[in-house]
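Let's take a walk through this structure together, stopping at a few side chains along the way.

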Amino acid sequence: MEFNTISVIGLGYIGLPTAAVFASRKKQVIGVDINQQAVDTINEGNIHIVEPDLDMVVRATVTEGYLKATTIPEPADAFLIAVPTPFKSDHIPDLSYIEAACKAIAPVLAKNNLVVLESTSPVGATEQLASWLAALRPDLSFPQQFGENSDIRIAHCPERVLPGHVLTELVLNDRVIGGMTSKCSDMAASLYKTFVKGECIITNARTAEMCKLTENSFRDVNIAFANELSIICDKLAINVWELIQLANRHPRVNILQPGPGVGGHCIAVDPWFIVSKTPAEARLIHAARKVNDSKPFWILDKIVAKAKRFKNPIIGCLGITFKANIDDIRESPALRIVQQLIKMNVGEVVVCEPNLHRRFLEFSLYCLDEVLEKADILVVLVDHDEFKSISGDALKEKVVIDSRGILK
Ligand code: SAJ
């Protein structure tokens, strides 16, 4: 099957790089997003998100005429859906963006089209997408009723790229392809082979959905183990980072790092998709979420306890992004801690975040030297490179709470 025109629905952290990489392989790509501003930015050859080297690829592919963005879907050979899948207040997955994407593409869907769901989704979401499309286009046949003979092919191919390394990981990572039928899988695999140098491994849609959730839950559980260890070690006066380093010398032990909690839009979210489907069975996964979600409060309690020693303490906070060396604050435990500290009014809070501009925030940002000079209590919340070289001298006479274990 030849794919001449590919449409990517949702031009965010996953959709835009994916669209740009297809376009860089000289495919005609139509990117669709409901955000007119994002669409205009892309059509000018610029980007509205931060990801290394993405600006160059978008500029080149837009200039050469392979990539264009629009708010209204147009006909294509394949449609890739990369829209958000958040959860509602009670941790129930919210599939409304997928449903909206179905409504948007349904009018332009045609016989022999492939529809791929890329968004991280709860088990059953691909079948749900297929039934939404079938209801919207009764004139076309779908795999759930017509199997291998369907007009439309549908598959789930979850993304698994690491923010900050998206362009390389998109190409090099293996890709799990879960078609609703074997023909759906084969068609999706041939689409991804346009740029994927890793292996394209075929399974069914439900396994592919669960595979993505499993990867992120595995990481969440391992981080929860590290976070729990850090609380135990604090009680027992043991340096948890030294402990983990030593334990990891064992050939079959590989513990991750404790921190102020788990942030980002993936690891703190996806395990809930398993928990909400199978609440009685997913006990460990649920417990890990609770351990990681409670870690910011444990750090806060530490800061408040130390602050009691001072009359008007100046609390220096280093970092507010959800992890090191990025500018993304989604679900950031560091940001939550800073906001809560300000709200609780325990002292003056001075924050350094080298990857962000002050204008995006409700509080001021200071440079590192200023924070180091002012602070009575210094709290490391993110392990940015800039903070790793803070000298022991700069910490003299300060109370230090290093949630990432980076200070000497
Ligand atoms: N974290 C720790 N300790 C660690 C590792 C991470 O506290 O040892 C924290 C980070 O500080 C951050 C959070 O966990 O707050 C998540 O960071 P991350 O680097 O583990 O993951 P993400 O959210 O940037 O990307 C993950 C990746 N999944 C896995 O590694 C299994 C990525 O490959 C996925 O594509 C991405 O989720 C996604 O989109 O699902």
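Predicted model: local features only at pLDDT ≥ 70, side-chain atom pairs only at ≥ 80, totals over all residues.

Asp 139 forms a salt bridge with Arg 137, and their closest N and O atoms are 2.8 Å apart. Arg 137 itself counts as buried, at 15% relative accessibility.

Another of them brings together the side chains of Arg 206 and Glu 127, at 3.3 Å from N to O. Arg 206 sits in helix H9 and Glu 127 in helix H5 (residues 125–136), so this bridge ties together parts that are 79 residues apart in sequence. Arg 206 is partly exposed at 42% relative accessibility, and Glu 127 is partly exposed too, with a relative accessible area of 35%.

Helix H9 comes up again with Lys 212. Glu 159 forms a salt bridge with Lys 212, with 3.1 Å between the closest N and O atoms. Here distant parts of the chain are linked: Glu 159 is in the loop between strand S6 (153–156) and helix H7 (166–172), while Lys 212 is in helix H9, 53 residues apart. Both Glu 159 and Lys 212 are buried. Salt bridges also link Asp 220, Arg 289 and Asp 293 in a network.

Stay with helix H9, which covers residues 205–236, and you will find Ile 232. Ile 232 is partly exposed, at 40% relative accessibility. Together with Leu 236, Ile 238 and Leu 243, Ile 232 makes a nonpolar surface patch of about 330 Å².

Now for two loops. Glu 74 lies in the loop between strand S3 (67–70) and strand S4 (78–81) and is partly exposed, with a relative accessible area of 26%. Its side chain joins that of Lys 68 in a polar contact of 3.0 Å. Asp 328, in the loop between strand S9 (314–318) and helix H13 (333–344), is buried, with a relative accessible area of 6%. The side chain of Asp 328 makes a polar contact with the side chain of Arg 330 at 2.9 Å. Beyond its neighbours within four places in sequence, Asp 328 is in contact with Tyr 13, His 265, Thr 321 and Phe 322.

Finally, step back to the whole chain, which is divided into domain 1 (5–198) and domain 2 (237–402). Their contact takes 14 residues from domain 1 and 12 residues from domain 2.

Note on methods
Residues numbered from 1 in each chain as written. Heavy atoms only, no water. Helix = DSSP H or I, 4+ residues; strand = E, 2+ residues; numbered from the N terminus. Buried < 20%, exposed > 50% of the residue type's maximum accessible area, 1.4 Å probe, protein only. Polar contact = N/O pair within 3.5 Å; in protein donor to acceptor, adjacent residues only side chain to side chain. Contact = heavy atoms within 4.5 Å. Patch = residues over 30% accessible without salt bridge, like charges linked within 9 Å, V, L, I, M, F, W, Y side chains within 5 Å. Areas by Shrake-Rupley, 256 points an atom, 1.4 Å probe, with all protein chains shown as cover. Salt bridge = Lys/Arg side-chain N within 4 Å of Asp/Glu carboxyl O. Domains from an automatic or database assignment.
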